[in-house]
Every structure is written in structure tokens, then in C-alpha cells.
Amino acid sequence: MHVVGIVLVLVVLGTAVATFAGRLRVPAPSLLVLAGVGVALVPGVPALHVPPQIIGMVVLPPLLYASAEELSLRDLRTVWRPVTILSFGLVFASAAAVGFAAVAVAGLPPAMAFVLGAVLSSTDPVAVTALGRRLALPGRVQVLVQAESLFNDATSLVLFKVAVGIAVAVGAAVSVPAAGGEFLLLGGGGSLVGAAVAGLVWLVRRRTVDPVLETVIALVTPYAAYVLAESVHTSGVTSVVVAGVLLGRSGHRLTDAHIRLQLNAVYAVVVFLLESVVFSIVGLELPTLVRDLPAGTGLWPLQALALAAVLIAVRVLSTLPLTRAVKPTQGRGRLSWRVAGVVTWAGTRGVMPLAAALSIPLVTDDGTKLAGRPLVLVLTTAVVVLTLVGQGLTLAAVVNRSGLALEPEHTVREEDDARDALNRTALDHVEDLAELEALSDTAVDRVRRALTARLDRTPETPDGTTADASYRQLRREVIAVQSTELRRLYDEHRISDTTRRRLQHDLDREEAALGTP
């Protein structure tokens, strides 16, 4: 009951914070972390100890899956080179810099210092996606930030496992071939498992027409990908990401409008509840971990601030030359310093570093207590809080100052132009059907007048007649034609992924309003 009560309180807290965040136009994760810290400091609130298995197996899979499904493969192809460099080079550079800094400013043993460096070396996809939802970034920049956070976890997990192995095994030496093999096993094996799960789910979902079963399958998919990958000792995180990216690309072809609307609604609720709980836990954990610190570690706030500054400095130094050396594949010129600033400031840490830190063993192989573990937990959580709050609350300002944020007028104009293109294509199709006399004149006339009204930006006036089977059949056919045109506009880079998703949602609502065929 104790755990259930805390979870219910966190859900209520998350709902209230999300409401205020929407009114204040600030990211909800940043306020949730602050709220968690505030609740933990209230006298009488019990200490919170969350097992890392709960975060890893219950919370992370659906959040990672939802983030991966939102990733645009079209835009990912244009930034795969900078994403690759950031996912490898920047992770190694950050781990090394934090390790040396932790030895210098925190006095950690070298082995534990590099465990801390591995923990903090990668950005967090859950935090990055949650913070980026309110930012009107160009598609290529949004994908660059989001894809880096999704694909750098395999690298950091290998570093973490190697560093932990050295820390718990007295006198152990680093084997580069063994570390390379472990990376291939984690990243490559996880990718294969994720692809296999995506293929199996695709085969099942294309034969499923029950909305309840479709929803259950969609909810179970990330857990299946994670558990299967972990059971064969590969990366569950990579497996979930690969499955989400592959299924996100083909999801619109696997289900009908009714099921897509239901899945979107269910997943929106699940993501909101889990994010509310998990970001609050980050704040709640910090005071509890601080109370468990041994004597002589009172300088941890300054040490955490120094480590956060090191992470940002390394990210700046790595990103700036990258933007000059890497060209987008679509020939839009070089990435600018403005992109470098946004990519740097969007590199927040979040839930995954906390889960990794909590999984550090308590003792070494010879049974002695692992020195420095409490301080590593506190510094990890403190850096997470600092980045989520400091960078999270100021990210929108950085984006606005960079000039990269899309103006609302741009988004509205793109949507209006796309709607006009869809309606013109549909009207041409209706005229072709009228010449063939394949449907009743009444149904054709009603649909023609509705499409013409949309093109003329005039309100549609209902004629009071009941929608018969012929009219509903024509409307479904028109919506199918519009969906095909929408995918064509997207494939030809004429609209963004955000516009495609929004217009597809509107088409799904229209189709669902017609009832079942």
C-alpha cells in the first residue's frame, strides 16, 4: 500500500503540475522534478527507494517506444552522419571528461569516477522527447536531437558495464577487443531482436481488426522487445528503439482510422502517467540519497555543478566542429552555430542515468563495500536535476534566440497549403467518378460541394439529408485518396512530419465519424 499510495500521489501531482506548466508555457518535466524535490523535503514524507528494475522494466519501455515511434525516418536519413558521430564520439568524450573531473573535484576512486562518467555520458531520450514536444523546431533539427538521444544508449551501456566490471573486480584490466565484442552484442543483438519483434508484431497486427486486441498488442510490444532482448543478454533499450522506429513508419498501414484514434488516445494517457511518475521520482530520490551520504561529502552541490558544467563544455566543443564538418545529405548547406547551440542545450540527462546508477553493485567481488557508490548516486541525481531544471526551463529561450523556431504563421501556412492540395486531389477524383457515373449524383454533388467549400474557406452548410450508403462509400474513398496524397507530399519533402501526423489525425476523425463500413 505504501508504494501504491506514493504512485497515486505522484499521478495527482503530475496532473496538477502539467496544468500549471501548460499555463506558464514551461516544460512539465522541469516542474515535476522541482515538485518532487519539494515533496521530499516536507517533514514526515517517507524516504523513497525505487529499485532500478522497476524503472527499467515498467517505466522505460513504453516511453522509449513512444519516442521512437515519433522519429521521422525521412528526416533521420538526412542527419545520420552527425547522429552517428554524436552517438559514439561524444559519448566517449563525455565519459572521459566526467571521469577525470570526478577524480579531481569529488575525490572519487578512478574506477568509480569512470563509472560516473559512463552513467552521465549519454543524453536521455525520455527527457529530450518530453522537453522537445513544445518546441517548434525544423524537422531535421528535431530529429537530430531526438535520434542522438535514442541511439547513444548502447554506447553508454557498454561503457557502463565495462566500468562497473573494473570497479567491482580488483586488479581487472581493460580489454579493448572484449569491450568491442560486448558493444556488438548489446547494440547489434538488441537491433536484431527489435527488428524481429517488429516483424512479428507487423504480421499479427495486419490480421487483427479488433480495437481492443490492437490496443493490447501495442501496449505489450515495447515490453516484449525489452524482455526478449534482456533475456538473451543484449540491449533491451536498443531493441525497443528499433522496434518503435520500424513500427512507427508502417503503423498507418496496419490499422484503420478507428483503431489509430484509440491507440493515440490510450498511448497519450500512458505516456502522461509514466512521465508524471518518473520525473517526480527523480526529484524525490535526491533528498533521500543525500541523507545516506557518509560524512565528509558536504560539497556535493558544488561538485555536481562542476560536473554539469564539464558535460556542457564537452558538448559545445564537440558539437561546434561537427556542424562545420558534416553536411546534410539533402543539400541545404552546412549546419550552423545556431543548430550547435540548440543541440548542446537540448542534451539533458534524465531517467536512464538514474536507473543505471541505482543498478551499481553494493560490494566488490571480494565482498568489500564498493567505495564511492553513495556519492556517485547523489552526483548522478543532482546532475540530472540540474540539467532538467536549468536547461529545461531555458531551452525554449535558447531556441527562440537561435532563430530556428518555426513561426506559428509558417506552420499554419504549411498546413493550409497541404489541406488545399488534399482537397484539390480529392475533388479531381470526384469529378472523374462523376464522368464515369459510378455513384449516385446526389452523393457526388454533396461531396463536391463540401470539398469546394473547404477550398474556398467557407463554412460547410449541411443540407439536412441523411448520409446514405453511397455517400459514405464515396467519402471513405475520398479520404483514402487524400491519405495517399498526404503520404506523397511527405515523401517529397513538401510537408513536415508534424504536419503529416496532424492532417492524418484529422482524416482519421473524418473517417471514424462515418461509422463502421
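**Figure 1. Space in the second largest pocket of the predicted model.** The second largest pocket holds about 610 Å³ of space. A pocket is an open set of points on a 1 Å grid over the protein atoms alone, where a 1.4 Å probe fits, with protein on both sides within 12 Å along at least five of seven lines. Its volume is the space filled by probe spheres set on the points, which are joined across faces, edges and corners. This is a predicted model, in which local features need pLDDT of at least 70, side-chain atom pairs count only at pLDDT 80 or more, and totals for chains, interfaces and linings use all residues. Residues are numbered from 1 along each chain as its sequence is written, and side-chain values use heavy atoms, without hydrogens and water.

**Figure 2. Lining of the second largest pocket.** The lining comprises 28 residues, each with an atom within 4 Å of a point. Leu 157, Tyr 226, Ala 355, Ala 356 and Ser 359 lie nearest the centre. Helix α9 gives the most, six residues; helices are DSSP runs (H or I, at least four residues), numbered from the N terminus.

**Figure 3. Leu 317 in helix α14.** Leu 317 belongs to α14, which spans residues 300-325. Leu 317 counts as exposed because its relative accessibility is 64%, and exposed means over 50% relative accessible area (1.4 Å probe, protein chains only). Its C-alpha atom is separated by 9.4 Å from that of Thr 344, 27 residues apart along the chain.

**Figure 4. Confidence in the model.** The average pLDDT, the predictor's confidence in each residue from 0 to 100, is 81 for the protein. Over residues 325-334, pLDDT stays under 50.

Terms used
Helix = DSSP H or I, 4+ residues; strand = E, 2+ residues; numbered from the N terminus. Buried < 20%, exposed > 50% of the residue type's maximum accessible area, 1.4 Å probe, protein only. Contact = heavy atoms within 4.5 Å.
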